[in-house]
Amino acid sequence: MKPRFALFALLPIALFLLPAGVFWVDRSIAEGEVPRNVSIAGIDVSGLSYDDAMLTIQAYERQLQTTPAVFIVNEHPFRLEPSSVSVEADEVTAVEEAISQRTEGGPISRFWAWLGGFSKPVDVHLPITMDREAIDDQLTIWEDAAIPNPAYEGSVDVVEMEVVVEYPRAGERLDKSSSTEIVVETLSVLPGREARLPVVDHQPEVTDSHVDAAAVRVRRIINANVILTNDDIEYSQTFTADEVARAVYTEISTNPVEVAVLLDEAVVRDLLEPHRSEFELAPVSAEFKATLSSGEVYFIPGRYGTTMNAPAVTEELMRAAEGSKTGPFPVSQGDEPTLTNEEAAAYGPMALVSKFTTDTPGVNRVHNIHLMADTVDEYVVFPGQTFSINEVVGPRTVEKGYLEDCAIINGEVLCEGHAANIGGGVSQFSTTFYNAVFYGCYEDVEHKPHSLYFKKYPEVIEATMGYPSPDVKFRNNSDAPVIIRTRYSDSELTVYFFGNNGGKTCTAEWGERTNPEEYETVYVADEPVDGETPLNPGQEKRVQSGIDGFTQTVTRIITHSDGTKEREKTWSWRYNIQDEKIAVHACMVTGEPVNCPAELPSVVGKSYEAALDQLATAGYTIIRVDEKTDSQSKNGVVLSMDPSGGTFVRPGASVTLKVGVYTAPPTTTVPSTTTTTAAP
């Protein structure tokens, strides 16, 4: 008996395990599909994948969008295309909800839900949306067409600047609230796409006195031009009475009951649009200024950008139109400026931190220095920023007005004929500028002293310039802006730094010169340019001054506001020598005459024999050229010579002498004449 009893005991378990196994197999196979016996809006989607279910419901949506409906108003049928009211179905939400059916809870709950799927259907709602404003517009059209005695709420219109009123009257109208819901319900399903819309009697709450009051307001609003002004942006706009009339309209209100007089914001926006560039302004940053005469540092307030604010303008236009005909022109706050007034004020008080002056001899170089000073003047370097002269000034070009002047090129001072000569002399500006950096205690990022030492500059605390390098750069390592100012005359340049470096002062401490090297004197062949007289043997001309070389160091000592001193940094620099160059005749370059030309003596006026003797003895080759003369005293005398006397010519050179040759004129015989005188 016990085995049979055990068999019967296991039977219920087997009966449960069998469908459970089928459940797990079924759900594994149907993973990602809509469960059994599930539909959407009555459409069976069970067993479909997500994509297939989407396609099925999208096809149904297209039917909803393309199948017209018929609505009857006062026995007048009206056909409505669903597309005219933007019928759309949310198939994504519906399909996701369908797939999630019978999946809630744990394994046991899902098993029982699965079993229920064989007998209990689930229909998922399909959300349908449509444009209710478009429906309301359509109802108004049907109302006008199908109701012969429509109720009228009254109106106030402006026609050619005349106020025209229509008073309210009782009649019939569509019950729009109920009608709208009927249209929505009808268009949300496919079958039964025909419905009647309710028509009801209506007695307007608006009275003639309401309309008359609105007409009075409209006449007052459009009786004159309106001017709105914004002093902050210096803008004013006049709205003509005709423009105001175009914008005015009335609207019936039931709570409270009135005929509201309004301005159409869209019309006002159209009136503003052509002037948009006049009142929509870019932001303006606060701007720091430093006055050289008084040393005062201040800032010119900036402002935020401005943008159109059509709603606010419409409101102010209405207020002004009903009142004084003038009012404010409101704008919206636009982009924030780079530096706001609050940020500028937060930097606190500022004053002169450092300045440096150098003398500026010359003409072209002074012109170049002034151009660079003008470019840099009033530049502001904010905390943490690095300033570069080359980045601010850019290349020095003829197009920018820079002139040719001297520059150190390959270790020598050259004053013309090289591209680097354009803008020559601006190293004086960079030196003056760098000293303001040095004594202002600001961080030296980049500077390079000249390769040659010029006595007019402090040793090592000076800087050469080129483009794109060498450059002068400094970082504003203070908590306040640095305002750079420049001032110059024909003979002097000063660079000023205004700011607040925390009360620091800086001084310089130079070391002793080391590794001195004296320049040498070098003789070079004279190379005269156009218009210059060549040097003769024995003549000299200095074409380059000599400069000694040496090594020098300088240490910047910072005295802080509390009196403590800091030896911040030591710079070391080697100045090269520049040999003195003396130009001489080419035959004298070695220091001793080598095949030098001699000064040719003048023999003009001497007899040819004497001239020949003198020149031949000196080693010259004589070429005689006879020239007739009518003076017997010039016979055999040297009339001219080529080269002329005083010219330097080399030994053995040919000298052409023109010698006078006199030929006596022929003798003339005069015939004898006998004169006879008769007696009286």
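Leaving aside neighbours within four places in sequence, Thr186 is in contact (heavy atoms within 4.5 Å) with Ala69, Phe71, Gly192, Arg193, Glu194 and Ala195. Thr186 is found in helix 6. Helices (H or I, at least four residues) and strands (E, at least two) are DSSP runs, numbered from the N terminus. Thr186 is buried, with a relative accessible area of 7%. Buried means under 20% relative accessible area, exposed over 50%, and partly exposed in between, for a 1.4 Å probe and protein chains only. A polar atom of the Thr186 side chain lies 2.7 Å from the backbone oxygen of Ile182.

The model is predicted: local features need pLDDT of at least 70, side-chain atom pairs count only at pLDDT 80 or more, and totals for chains, interfaces and linings use all residues. Residues are numbered from 1 along each chain as its sequence is written, and side-chain values use heavy atoms, with hydrogens and water left out.

The protein chain has 680 residues, of which 37% count as buried. Its secondary structure comes to 16 helices and 42 strands. Among contacts between residues at least 6 apart in sequence, 71% join residues at least 24 apart.

The largest nonpolar core has 36 residues. A nonpolar core is a set of buried Ala, Val, Leu, Ile, Met, Phe, Trp, Tyr and Cys residues joined through side-chain atoms within 4.5 Å. The residues with the most contacts inside the largest core are Ile40, Phe71, Leu126, Trp142, Val183, Leu187 and Leu197. Strand 1 (38–40), strand 3 (69–73) and strand 4 (76–80) are among the elements that give two or more residues to this core. Val183 touches Phe71, Leu80, Ile135, Leu139 and Leu197, not counting residues up to four places away in sequence. Another core, of 34 residues, lies apart from the largest one. Val211, Ala214, Ile222 and Val259 are among its residues.

Two helix pairs were examined. Helix 9 (residues 265–272) and helix 11 (residues 310–322) pack at an angle of about 100°, with their axes 9 Å apart. Axes are lines fitted to C-alpha atoms, for helices over the stretch in contact, and angles run from 0 to 180 degrees between N-to-C directions. Helix 9 is therefore roughly perpendicular to helix 11. Angles under 35 degrees count as roughly parallel, over 145 as roughly antiparallel, 65 to 115 as roughly perpendicular and the rest as oblique. From helix 9, Glu265, Val268, Arg269 and Leu272 meet Ala310, Pro311, Val313, Thr314 and Leu317 of helix 11. By class, this contact has 6 nonpolar, 1 polar and 2 charged residues. Ala, Val, Leu, Ile, Met, Phe, Trp, Tyr, Cys and Pro count as nonpolar, Asp, Glu, Lys and Arg as charged, and the others, Gly among them, as polar.

Helix 13 (residues 364–376) and helix 15 (residues 427–439) pack at about 45°, with their axes 8 Å apart. These helices are therefore oblique to each other. Arg365, Ile369, Met372, Ala373 and Val376 in helix 13 meet Gln428, Phe429 and Phe433 in helix 15. The residues of this contact divide into 6 nonpolar, 1 polar and 1 charged.

Asn576 lies in the loop between strand 36 (565–575) and strand 37 (580–584). Asn576 is partly exposed, with a relative accessible area of 39%. Beyond its neighbours within four places in sequence, Asn576 is in contact with Ser451, Leu452, Ile547, Asp548 and Gly549. Its C-alpha atom is 9.3 Å from that of Tyr519, 57 residues apart along the chain. Thr663 is found in the segment after strand 42 (654–662). Thr663 is exposed, with a relative accessible area of 59%. Thr663 and Lys628 are 35 residues apart in sequence and 7.7 Å apart in space, C-alpha to C-alpha.

Most residues other than glycine have a negative phi, and most peptide bonds are trans. Ala41 has a positive phi of about 50° and is partly exposed, at 33% relative accessible area. Ser86 has a positive phi of about 60° and is also partly exposed, at 38%. A cis peptide bond joins Tyr467 and Pro468, with omega about 5°. The bond from Asp642 to Pro643 is cis too, with omega near 0°.

Conventions. A polar contact is a pair of N or O atoms within 3.5 Å; within protein, one must be able to donate a hydrogen and the other to accept it, and residues adjacent in sequence count only if both atoms are side-chain atoms.
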